[in-house]
Amino acid sequence: MAGALEGIRVLDLTHWQQGPVATAMLGDWGADVIKIESPDIPDAGRSMVRYEAAAGGVNAYFEVHNRNKRGIVLDLKSERGLEVFYRLARQVDVIVQNFRPGVSERLHVDSQTLSALNPRLIYCTASGFGLAGPESGLPALDPLAQARAGIMSVTGEPEAPPGRTFNGFVDQVSAFLLAFGIAVALFHRERTGEGQMVDGSLLQAALAVQSFNISSYLMTGTYGGSPIPRISRRLTSPLWNQYRCADGKWIMLAMAQPGRYWPHFRRLIQEITAVELQPEELSVDWMRFHAGELMELIGRLDEMFATKAARQWLELFRGEDLLAEAVQEYRDLEMDPQVVANRMITGFDHPSFGPLKLVNVAINLSKTPGLLSKPAPEFGQHTEEVLLEFGYTWEEMEALREAGVIGQRLEG
C-alpha cells in the first residue's frame, strides 16, 4: 500500500535528534528520505550517543531517529560535491537542515540559493533559538531549550532544584512541528505550485507546547491560579494528585472538577476505610483559603493509599467512574492492553540485529497508514543506488569516489 507521501523526495542534512526525527516521520508516510552525511563528520548520533546493551549491539538512538531513510556520503565542502548536491536539489521536493544559523550560507546550501535552482522546493531549517536575534547563533541542545523556555522552572516539587522532563522532550516536539510544517507547505504547493521556507526552533517548540500555560501567565500573572511556578503536592487538589500505594507503585488521580467528583470519591473512601473525609464539600476556594487543612487532608490520603496495591485502587476507582491511572514504567508498556490493541509498539525485523520492538508511528490513517519499513542506513550505504537514480553513470561515480567527493575517504 502506497504511503500518503509516496513520490515525495527529501534530502536530509540533519543530525542528532530534532531534524532526524522530523525527516523520519516523513519517511514513515512513504517519502523517499535521503540522508546526506559528510565523509569526515558522520551524524554524531552514530557514535556519540549509544545505548546498546552490549558492545556491537543496536544503536537505539541512531536507529530510532533515522528509520525509513536511505543514506549517502557526500562532501558538500568541495566544489564537485556541491555540484552533485545541486543536481539532486533540482529534482527533490524537500530539503531539511539543522545547521547553526549562517552555516548553510557558508556552504552555499541556503534557502535562497536552492530555491533559485528549484522554485517548487520546500526548504526547512531547524535551529536552536530561531533565525533572528542577537543569540540566534548559539549552540543548543534539548536541556538548554527546556531551561530557556521555562519548562524547568515549573517542573518538580518547590523545594527541589528545577527539573527537566525526559531527555529529548523538546527535540521530539520540535520534530513533530517541523514535519507538520513541511506537510502544510507541501499542501500549499499542491494548490499553488509555490515552494517556500519552513523555519522552526527548539525554543519555539518549547514555548508552543506550553502555549496555554505561558499565555495564561501573561494574561493573569499567575501559574494556573498559583502565585508561584511550582506548588507542593501537599497544597494541590487531593483529586489532582499522586499517591504511593502498598506495593510501592504510584497512582495518579485526575479529577479536575472537585465539586463533581468529591462526593463520589469521599463516599468510596468511607466505604473502604470507614473514615469520613473532611470537608464535606470541596471547592477551589476552600483549597485556596484552607492550606493547613488541605495539607492535613493530603497526609491522611497518603496513609490510606498506602494500605492497598495500586491495581486494587485502580479497580475500585474505575468501578465508580473516577478518573485514575497507575504510574507505569517503560517495562510495563509492552503488555499494556491498550498499547497492544492499538499496535502502539510494533515489531521490526532488522537485517543485522534480528527482531526489534519499536514505538510505532504516532497517528493512524485508515487509507494510507504509516509504516516502519526500513532500518537506519549504514554510513553511505545507498550512495551509488541514489546517484544512479539521479542520472549518474558508474564512470562518473568512480571519478567522484577517487576524488573523495562521495563515499568514505580512501586511505593511503
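The structure is a predicted model, in which local features require pLDDT of at least 70 and side-chain atom pairs count only at pLDDT 80 or more, while totals for chains, interfaces and linings use all residues. Residues are numbered from 1 along each chain as its sequence is written, and side-chain values use heavy atoms, with hydrogens and water left out.

The secondary structure of the protein comprises 17 helices and 11 strands; these are DSSP runs numbered from the N terminus, helices being H or I of at least four residues and strands E of at least two. The C-alpha trace spans about 85 × 50 × 45 Å along its principal axes. Of the 412 residues, 45% are buried, where buried means under 20% relative accessible area, exposed over 50%, and partly exposed in between, with a 1.4 Å probe and protein chains only. The protein exposes about 21900 Å², of which carbon and sulfur atoms supply 55%; areas come from the Shrake-Rupley method with a 1.4 Å probe, and for residues only the protein chains shown count as cover. Among contacts (heavy atoms within 4.5 Å) between residues at least 6 apart in sequence, 68% join residues at least 24 apart.

G30, which follows helix 1, has a positive phi near 105°.

D75 is located in the loop between strand 3 (69-73) and helix 3 (79-89). The relative accessible area of D75 is 11%, so D75 counts as buried. Its side chain reaches the backbone nitrogen of K77 at 3.0 Å, a polar contact being a pair of N or O atoms within 3.5 Å; within protein, one must be able to donate a hydrogen and the other to accept it, and residues adjacent in sequence count only if both atoms are side-chain atoms. Apart from neighbours within four places in sequence, D75 is in contact with P39, G81, L82, G404, V405 and R409.

V339 belongs to helix 15 (residues 337-341) and is buried because its relative accessibility is 12%. Residues up to four places away in sequence aside, V339 touches L333, M344 and I345. A distance of 9.8 Å separates the C-alpha atoms of V339 and V359, which lie 20 residues apart along the chain.

Grid points are joined across faces, edges and corners, and a volume is the space filled by probe spheres set on the points. The count comes to 1 cavity of 30 Å³ or more. The largest cavity has a volume of about 50 Å³, and strand 10 (345-350) and strand 11 (354-359) each give two or more residues to its lining. That lining consists of E63, R67, F348, H350, L356, L358, L372, K374 and P375, with 5 nonpolar, 1 polar and 3 charged residues. Here Ala, Val, Leu, Ile, Met, Phe, Trp, Tyr, Cys and Pro count as nonpolar, Asp, Glu, Lys and Arg as charged, and the others, Gly among them, as polar.

The second largest pocket holds about 1600 Å³ of space. Y223, G224, S226, I231 and T236 are the closest to its centre of the 44 lining residues. Helix 9 (211-220), helix 11 (284-289) and helix 12 (291-305) each supply at least two lining residues, with the largest share, 5 residues, coming from helix 9.

Note on methods
On a 1 Å grid over the protein atoms alone, a cavity is a set of points where a 1.4 Å probe fits but cannot get out, and a pocket is an open set with protein on both sides within 12 Å along at least five of seven lines; lining residues have an atom within 4 Å of a point.
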